[in-house]
Amino acid sequence: MTFSELCMMLEPFLKSGCKSKAEVFDLIVLNSISDAGSEIGQDIAKMTPKQKRNLFSGISSISRIAERIYPVLDTSGLVKVLEDTIQGDSLANFVETFSCYVGNVTKENFAQKVADQFKKIIFDSSATFRSAQLQGTATLRAQLFEEDDGICPCCGKSLSLNSADENAIVATKLDTFDSDTGRPYKMIGLCKDCANLYTIGKLDKDLIHAKERLEKKANLRKQAGTISVDGKLMSAIEILLKESKTSDVVLNMKSLKINQKVNKENELFLYNKIKSNVAHYFPNLYKLFGELDG
């Protein structure tokens with residue numbers, strides 16, 4: 001069972017006490033944190049109703065905050081709230097409904113069963129989140145480091161592949177999953193500070209756009225790496241090199257205008273052909289290398 005499935009299953013039975021999905025989220029999560037004054041509790045309390053609805057409905061992944069909830073998880077408060085809220089005919093209906101997900105549910109233990117299920121969800125999400133971070137993901141982090149060019153795409157800080165360093169790269173899961181298109185989650189490499197800000201929903205940057213830009217640059221680098229120099233051009237260079245050793249020809253990298261290379265009056269056809277090729281290819285090369293350079 002996912003967190004959103006648990007929320008949607010509970011919502012019909014909590015409508016008398018919760019007027020919105022955001023309030024259902026608060027009831028489940030805030031009443032499961034042992035220390036009401038803990039930093040994660042305060043951060044969750046400051047979330048907007050839209051952020052809570054997105055977590056409730058599965059649009060956003062709870063794994064981003066599960067890692068921070070798990071150390072202060074204590075569901076005794078949640079058990080008490082559920083026992084006080086779901087009673088009478090609603091309780092009988094709830095036991096029947098929840099039994100479809102978890103076995104051996106009774107009117108006496110239903111609240112504890114819900115709390116245990118929530119603990120499992122948080123633990124599983126927390127483990128997923130950890131595996132997407134520094135632990136055991138050297139290959140992934142190396143790939144993201146290369147994609148980032150070793151620089152955090154949010155703040156421009158230099159990154160390190162050494163997980164012990166203060167500026168270690170953190171593989172961060174983006175909430176880009178679209179159930180309609182089946183688009184998978186994506187990962188982006190951030191510094192620890194930016195990754196933490198994103199985790200608590202306080203990063204003022206569009207990471208989806210940043211990821212798309214990084215992917216585009218990576219694809220350009222890949223394409224540029226496969227561009228081979230035309231054989232005829234290589235032959236021409238070899239001939240020029242041979243000629244330079246036996247004649248007065250001097251090769252250098254100084255740029256010359258076309259009319260300095262070809263006599264327009266005597267070689268009009270060649271002049272026009274070179275000019276046409278330069279006009280056609282140079283803008284494309286300029287754009288390609290400009291995009292590669294960022």
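This is a chat about a predicted model of one protein chain.

Student: Hi! What should I know about the model before I start?
Tutor: It is a predicted model, where local features need pLDDT of at least 70 and side-chain atom pairs count only at pLDDT 80 or more, while totals for chains, interfaces and linings use all residues. Residues are numbered from 1 along each chain as its sequence is written, and side-chain values use heavy atoms, leaving out hydrogens and water.

Student: Let's look at helices. At what angle do H2 and H4 pack?
Tutor: Helix H2 (residues 21–30) and helix H4 (residues 49–57) pack at about 75 degrees, and their axes are 8 Å apart. Axes are lines fitted to C-alpha atoms, for helices over the stretch in contact, and angles run from 0 to 180 degrees between N-to-C directions. H2 and H4 are therefore roughly perpendicular; angles under 35 degrees count as roughly parallel, over 145 as roughly antiparallel, 65 to 115 as roughly perpendicular and the rest as oblique.

Student: Which residues make that contact?
Tutor: On H2 they are Lys21, Ala22, Val24, Phe25 and Asp26, and on H4 they are Pro49, Lys52, Arg53, Leu55 and Phe56. Contact means heavy atoms within 4.5 Å.

Student: Is Lys52 buried or exposed?
Tutor: Lys52 is buried, with a relative accessible area of 6%. Lys52 belongs to helix H4.

Student: What is Lys52 in contact with, leaving aside neighbours within four places in sequence?
Tutor: Lys52 contacts Ala22, Phe25, Asp26, Ile44, Ala45 and Met47.

Student: New topic: strands! In which sense do S1 and S2 pair, parallel or antiparallel?
Tutor: S1 and strand S2 (residues 186–190) pair in the antiparallel sense, over five bridges. Two strands pair if DSSP finds at least two bridges between them. Lys173 stands opposite Met187 in S2.

Student: Which way do they point?
Tutor: Val170, Thr172 and Leu174 point one way from S1, and Ala171 and Lys173 point the other way.

How values were computed:
Helices (H or I, at least four residues) and strands (E, at least two) are DSSP runs, numbered from the N terminus. Buried means under 20% relative accessible area, exposed over 50%, partly exposed in between (1.4 Å probe, protein chains only).
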